[in-house]
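I opened this notebook to record what I looked up. The entries follow my order of reading.

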Amino acid sequence: MKKELIRTVKYALIAASAGIIQIGTFALLNELFHLPYWVSYLIALVLSVLWNFTFNRRYTFHSASNVPRAMALVFAYYLVFTPLSTLLERYLTDGCRWNEYLVTIINMLLNFVTEFLYQRFFVFRNSIDTNDLAKKA
């Protein structure tokens, strides 16, 4: 139980750092370069996903699993999450006139919860604590 709590806290901290990357990238592309909202969102999302996957695989889940396979599974998650979240973003910002940053944060929170569960119980479920860091501990 304690181990899973620590794993969840690690995931939250790494996800928060990925969130900073996502918000920072989004703000840069949206405010400085005035790219369309969905383009800014998509680029920022991809950068944060790469960061989040890399660090959570190594430090949170301690997985020695096949990286291309694990990344393909995460890619599959984003094949569903990205279009749905992009549609939600567009509907709430363009249709309902919600603040772009508020909507981005809402989607980031949805992503945080659903991706943790997906990675913990699907992507890394059979390879948790198998890398060199886990073996040293």
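I began with contacts, which I take as heavy atoms within 4.5 Å. By that rule, Asn30 touches Leu35, Ser40, Glu100 and Tyr101, not counting residues up to four places away in sequence.

A note on the source. This is a predicted model, in which local features need pLDDT of at least 70, side-chain atom pairs count only at pLDDT 80 or more, and totals for chains, interfaces and linings use all residues. Residues are numbered from 1 along each chain as its sequence is written, and side-chain values use heavy atoms, with hydrogens and water left out.

**Entry: Asn30.** I placed Asn30 in helix α1, residues 2–32. Helices (H or I, at least four residues) and strands (E, at least two) are DSSP runs, numbered from the N terminus. Is Asn30 buried or exposed? Asn30 is buried, because its relative accessible area is 10%. Buried means under 20% relative accessible area, exposed over 50%, and partly exposed in between (1.4 Å probe, protein chains only). I also checked Ile128, which is 98 residues from Asn30 along the chain. Their C-alpha atoms are separated by 38 Å.

**Entry: the whole chain.** I found five helices and zero strands in the protein chain. Along the sequence the pattern reads α-α-α-α-α. The radius of gyration is 16 Å, close to the 14 Å from the globule rule for 137 residues, so the protein chain is as compact as a globular protein of that length. That radius is taken over C-alpha atoms, and the rule is 2.2 Å times the number of residues to the power 0.38. Buried residues make up 40% of the 137 residues. I looked at contacts with a separation of 6 or more: 76% of them join residues 24 or more positions apart.

**Entry: aromatic rings.** How many aromatic pairs does the structure hold? I noted 15 aromatic pairs. In Tyr77 and Tyr78 the ring centres are 4.8 Å apart and the planes are at 85°, so the pair is edge-to-face. Rings of Phe, Tyr and Trp (its six-membered ring) pair if their centres lie within 6.5 Å; planes under 30 degrees apart count as stacked, over 60 as edge-to-face and the rest as tilted. Tyr77 and Tyr78 are buried. One aromatic cluster is formed by Tyr11, Phe53, Phe61, Phe112, Phe116 and Phe124.

**Entry: Trp38.** I found Trp38 in helix α2, residues 37–60. Trp38 counts as partly exposed because its relative accessibility is 48%.
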